[in-house]
Amino acid sequence: MGKNIILVGFMGTGKSVTGRIVANQLEREFIDMDSLIEERAGKKISEIFADEGEAHFRSLERALVQELSAREDLVIATGGGIVLNPDNISDFSKTGVVICLHADPDTILKRVAKDSHRPLLEGDDDKIKAIRALLAKRDKLYQAIPLQIETSNHTARETAQEVVALYLGQTRF
Ligand code: S3P
């Protein structure tokens, strides 16, 4: 039985793509929280935000954190706002190793430009400004995670290697 690996970080830091590679390498189950929330709700995150509001989405996220932290051997990609509730990080840390991925605003912009499932950045013509503002607001919360990886100039495969190395370093003894 092994501790969960939980990837946190801002939108576009590569949590989902990296998590999938790590799960494959370690032959573990991969859970993408946003996808699971969408699957269970039967609608897209942007529709949940529009129909029920952000607070409702955060309560779905919170319930899923409680459910997943009761399990083992998972690789979990969280949504970027998971750090907003400190209970989420403290619950995940009890049964897993939490790792924060970072990227600079320009890299984030490039990575999120193509998708439309990020309601917090939608409808904003000046996306780089929106990214910078939200990053500034949340920076302290991301920096508070002890294990950090910079992903800006790395492929997902390289980041996945770093995740595995950090995880093994934490669980060896
Ligand atoms: C959010 C990030 C999104 C998604 C939702 C809210 C956030 O996930 O959970 O749109 O508050 O940063 P990604 O980080 O996977 O884009």
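Colleague: Where does a polar side-chain atom of D34 lie relative to the ligand?

Modeller: In this predicted model, a polar side-chain atom of D34 is 2.7 Å from an oxygen atom of the ligand.

Colleague: And what is the distance for K15?

Modeller: For K15, an N or O atom of the side chain is 2.7 Å from a ligand oxygen. The side chain of R58 also has an N or O atom 2.7 Å from an oxygen atom of the ligand.

Colleague: How much of the ligand does the protein bury?

Modeller: The protein buries 98% of the 380 Å² that the ligand exposes when taken alone.

Colleague: Which residues come nearest to the ligand?

Modeller: There are 14 residues around the ligand, and K15, D34, R58, R118 and R138 come nearest.

Colleague: Back to R58. What does E61 form with R58?

Modeller: E61 and R58 form a salt bridge, and their closest N and O atoms are 3.0 Å apart.

Colleague: Where do E61 and R58 sit in the chain?

Modeller: Both are in helix α4. Because E61 and R58 are three residues apart there, about one helical turn separates them.

Colleague: Is E61 buried or exposed?

Modeller: E61 is buried, at 2% relative accessible area. R58 is buried as well, at 18%, because the cut-off for buried is under 20%.

Colleague: Why would such side chains pair at all?

Modeller: Side chains of opposite charge can pair when their charged atoms come close.

Colleague: How many salt bridges does the structure hold?

Modeller: It holds ten salt bridges. One of them joins the side chains of R28 and D73, at 3.8 Å from N to O. That pair links distant parts of the chain, 45 residues apart. R28 is in the loop between α1 and β2, and D73 is in the loop between α4 and β3.

Colleague: What about K94 and D91?

Modeller: Their side chains meet in a salt bridge, 3.4 Å from N to O. K94 and D91 are three residues apart in helix α5, so about one helical turn separates them. K94 is exposed, at 62% relative accessibility, whereas D91 is buried, at 15%.

Colleague: Which residues are joined into one network?

Modeller: K43, D51 and E52 are joined into one network, by salt bridges that share partners.

Colleague: Changing topic: how many aromatic pairs are there?

Modeller: The count comes to two aromatic pairs. One of them is F10 with Y142, with ring centres 6.3 Å apart and planes at 90 degrees. That pair is edge-to-face.

Colleague: Where do F10 and Y142 lie?

Modeller: F10 lies in the loop between β1 and α1, and Y142 lies in helix α7, so the pair ties together parts that are 132 residues apart in sequence. F10 is buried, at 2% relative accessible area, and Y142 is buried too, at 1%.

Colleague: How are F49 and F57 arranged?

Modeller: F49 and F57 form a tilted aromatic pair. Their centres are 5.1 Å apart, with 45 degrees between the planes.

Colleague: Are F49 and F57 buried or exposed?

Modeller: Both F49 and F57 are buried.

Terms used: Residues are numbered from 1 along each chain as its sequence is written. This is a predicted model: local features need pLDDT of at least 70, side-chain atom pairs count only at pLDDT 80 or more; totals for chains, interfaces and linings use all residues. Side-chain values use heavy atoms; hydrogens and water are left out. A salt bridge is a side-chain nitrogen of Lys or Arg within 4 Å of a carboxyl oxygen of Asp or Glu. Helices (H or I, at least four residues) and strands (E, at least two) are DSSP runs, numbered from the N terminus. Buried means under 20% relative accessible area, exposed over 50%, partly exposed in between (1.4 Å probe, protein chains only). Rings of Phe, Tyr and Trp (its six-membered ring) pair if their centres lie within 6.5 Å; planes under 30 degrees apart count as stacked, over 60 as edge-to-face and the rest as tilted. A residue is near a molecule or strand if one of its heavy atoms lies within 4 Å of it. A polar contact is a pair of N or O atoms within 3.5 Å; within protein, one must be able to donate a hydrogen and the other to accept it, and residues adjacent in sequence count only if both atoms are side-chain atoms. Accessible areas come from the Shrake-Rupley method with a 1.4 Å probe; for residues, only the protein chains shown count as cover.
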